[in-house]
Structures are given as C-alpha cells and as structure tokens.
Amino acid sequence: MIFTRDDKTQKVLARIPGSQGDDVYECTLEICSNPLCICNVITIQFTPYPPSPEPALDKSITVDIRKRRVEIGPLTAADTSKKDKDFLWAVSAHIQDDDYQFLHQEYYLYKHAVTNRADISSLYAEFPIDDIEQNGDMIGYTEILPYGDYFALILDEQQYILVDLYCVRLECACVDTVMACILVNEQKQTGEEVAAYRIDYKKRRWETLDAQDNIPGVVGDLETLKQTIEGAYPKFYRRLRERHQQLKTLYMNCLKEHELYPPQHASRRVSGKVGRNDPFPWGSGKKFKQCCMTKAR
Ligand SMILES: [Zn+2]
Ligand SMILES: [Zn+2]
C-alpha cells in the first residue's frame, strides 16, 4: 500500500519505492465538489515530503476509483517528460487494492461532507419523470443524493443497509417510506435485498411487503426490527419525513426545469428516457417501487 494518512499531521502521504528506498510525498487530493456528481475521479498532487528547498516537481495523477485506473494528470501525453512518465509508472506499478479502497473512502467522506453542507433545495437533480408520473415509481433517497446519509445496521454480525424509497409526486399526500433491507457483502461490494417494509412515518406503523423465508434473526421479526431501528436512530421517523420532503423539493425543481410545473403544463411529456443514477453499490431496492396512489387506483 502506498497511501497512508499520517496520524499526527493528518496529511496524506505516499511512499513510492525508488532505486534508493522509498520516495515520500505529501499528497493533495482534489475531488469535484458537486454533491450529485458521480465522476469517481480524484486528482492527486505530489510534493516531496518533508518539503525540500528545491522547487517542487509538479507531479500529478488522476485516479478513477471505480475503474481502478491511474492516468497522468493535467499534463498531456505529448509533453510528458521521461521523469513524469517514470513516476506515473512507479505509481501504477505499486498501487494496490487497499490503496483504491483508501482513496474510495477519502472520496466518499468528502462527498458526504459536501452533501451534508449543501442547501439541498438549491440542487438540481434529474428524476425519471415519466416513470414517476405514469408508473408511480418510488425513488430512493440515495438514488438522488448518492452521497447522502443512509441507514445501516449490524445485526447478528451481519451488515444491513436500509434503502429508503419515497413517492415524490407532488399531488400525492402519502406519508410512506418503502424500506428495502439489503444484506451487504462487504468483500464483493454488493448487496442482496432480503426484505422490504412499508413504513407510515406519521403513524409509525410498519408492514412487511416481502421477506425471504430464511432471513435470520431480527430482520425476520418485524416488531424486533422496528424496535432495533428506533433504538439505533432516535429521530428515525422525523428523518424519514425530512428526507421525503427533500426529495419532493428536488423533484419540484426538476419539474420546473422541464417546464412541467406549475401543473397546468402537466400534459406536456418529457421525451426520451432519463437515465437513472445507481452509484450506490448495495442496490436500490427497486422491487417494491409503486406508490400508494397507483395501488389504490
Ligand atoms: Zn465530479
Ligand atoms: Zn404516493
């Protein structure tokens, strides 16, 4: 592993094996500050550490943390010196899985902080309008805010992610959250949906929509699960309400942008399919996605 965070200084350091032992660099990580952007790219500037009196070499690389690929930084290939190419080679040769994990963690923490600081109502996010209006699709909070908070639980030494979905149609007054319970496989960075619940966050009422027959322990028992989550997240229902409200506000922004709001324009349809974000590695709980209104029709 070449990257570490120095406990004392909190600096990110890189140790690149060279011909005479390790070359140590201080790294500056640059990550795009758009909370909704899922570019998965980090630009890293390297300066010798401890600082040397000689002018710092401008060594910079770009890492795609999803594709796990290292690219040369702002320098174009044509004017890259041999030294820089050697440096890039050295980084490429020594960067390992745990380095990518480290960078992924840095990326996530940064984006998470940016999301939490952002004025959510001023963000612009694309929604699948036709799917929502015609099929009553419910939308996952992390589908729209990929680096926002999410609910997680460890039960019987298993890690679960709770994906919360909402109906965002402005004319619908439902107070429901569909909560998909995803059993996380940390190593494979995937998850399997083992159960789904409908929660009326106003009346604090839970209902099982679906559950695998053999799900273990707490997740299989609705009352225990409910109490466990309420214990882990003291403001649980209030947060569901706020998250629902945030998504509705963002959805209204999206409708305005497409000139579908105010609703007298609602007969106009958006042409073409809007692609859906799904950067969330654990899946988005799309199995139970229809809103209450569609069900009642
Ligand atoms: Zn970006
Ligand atoms: Zn609804």
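**Entry 1. Salt bridges**

I began with aspartate 97, which forms a salt bridge with arginine 68, and the closest N and O atoms are 3.1 Å apart. I then checked where the two partners sit. The pair links distant parts of the chain, with aspartate 97 in helix 2 (residues 97-117) and arginine 68 in the loop between strand 5 and strand 6 (69-72), 29 residues apart. I looked up the accessibility of arginine 68 and found 36%, so arginine 68 counts as partly exposed. I note here that the model is predicted.

Next I took aspartate 149, whose salt bridge partner is arginine 239, with 3.8 Å between the closest N and O atoms. Aspartate 149 lies in the loop between helix 4 (141-144) and strand 8, while arginine 239 lies in helix 7, so this pair ties together parts that are 90 residues apart in sequence. I asked for the accessibility of both ends. Aspartate 149 is partly exposed at 27% relative accessibility. Arginine 239 is partly exposed too, with a relative accessible area of 25%.

The next bridge I looked up is glutamate 230 with lysine 226, where the closest N and O atoms are 3.5 Å apart. Both residues lie in helix 6 (residues 222-232), four residues apart, which is about one turn of the helix. Is each partner buried or exposed, or in between? Glutamate 230 is partly exposed, with a relative accessible area of 26%. Lysine 226 has 16% relative accessibility and therefore counts as buried, because the cut-off for buried is under 20%.

I also looked for bridges with shared partners. Asp176, Arg198 and Glu207 are joined into one network by salt bridges that share partners. For the whole model I wrote down a count of 10 salt bridges.

**Entry 2. Zinc site**

I turned to the zinc ion (ligand 1) and asked which residues coordinate it. The donors are the SG atoms of Cys32, Cys37 and Cys39, at 2.2 Å. Along the chain, the donors of this zinc ion follow the spacing C-x4-C-x1-C. I then checked accessibility for two of these cysteines. Cysteine 32 is partly exposed, with a relative accessible area of 29%. Cysteine 37 also counts as partly exposed, at 22% relative accessibility.

**Entry 3. Aromatic rings**

How many aromatic pairs does the structure hold? I recorded 14 aromatic pairs. The one I examined is tyrosine 25 with phenylalanine 46: the ring centres are 5.8 Å apart and the planes stand at 85°, so the pair is edge-to-face. Tyrosine 25 lies in strand 3 (residues 21-31) and phenylalanine 46 in strand 4, so the pair ties together parts that are 21 residues apart in sequence. I looked up accessibility for both. Tyrosine 25 is buried, with a relative accessible area of 10%. Phenylalanine 46 counts as buried as well, at 1% relative accessibility.

I then followed linked ring pairs. They connect Phe151, Tyr197, Trp206, Tyr233, Phe236 and Tyr237 into a cluster.

I also checked for a charge over a ring. The charged end of arginine 243 sits over the ring of tyrosine 141, 3.7 Å from the ring centre.

**Entry 4. Backbone**

I went through the backbone next. The peptide bond from tyrosine 49 to proline 50 is cis, with omega near -5°. Where is proline 50 found? I placed proline 50 in the loop between strand 4 (41-48) and strand 5 (59-64).

I then looked up positive phi values in residues other than glycine. Aspartate 156 is not a glycine, yet has a positive phi of about 50°. Aspartate 156 lies in the loop between strand 8 (151-155) and strand 9 (158-166). With a relative accessible area of 49%, aspartate 156 is partly exposed.

Glutamate 259 also has a positive phi, near 55°, and is a residue other than glycine. I found glutamate 259 in the loop between helix 7 (236-257) and helix 8 (292-296). Its relative accessible area is 52%, so glutamate 259 is exposed, as the cut-off for exposed is over 50%.

How values were computed:
Residues numbered from 1 in each chain as written. Chains lettered and ligands numbered in written order. Predicted model: local features only at pLDDT ≥ 70, side-chain atom pairs only at ≥ 80, totals over all residues. Heavy atoms only, no water. Donors = N, O, S within 2.8 Å, 3.2 Å for Na, K, Ca; no water. Buried < 20%, exposed > 50% of the residue type's maximum accessible area, 1.4 Å probe, protein only. Helix = DSSP H or I, 4+ residues; strand = E, 2+ residues; numbered from the N terminus. Salt bridge = Lys/Arg side-chain N within 4 Å of Asp/Glu carboxyl O. Phe/Tyr/Trp six-rings, centres within 6.5 Å; stacked < 30°, edge-to-face > 60°. Lys NZ or Arg CZ within 6 Å of the ring centre and 35° of its normal.
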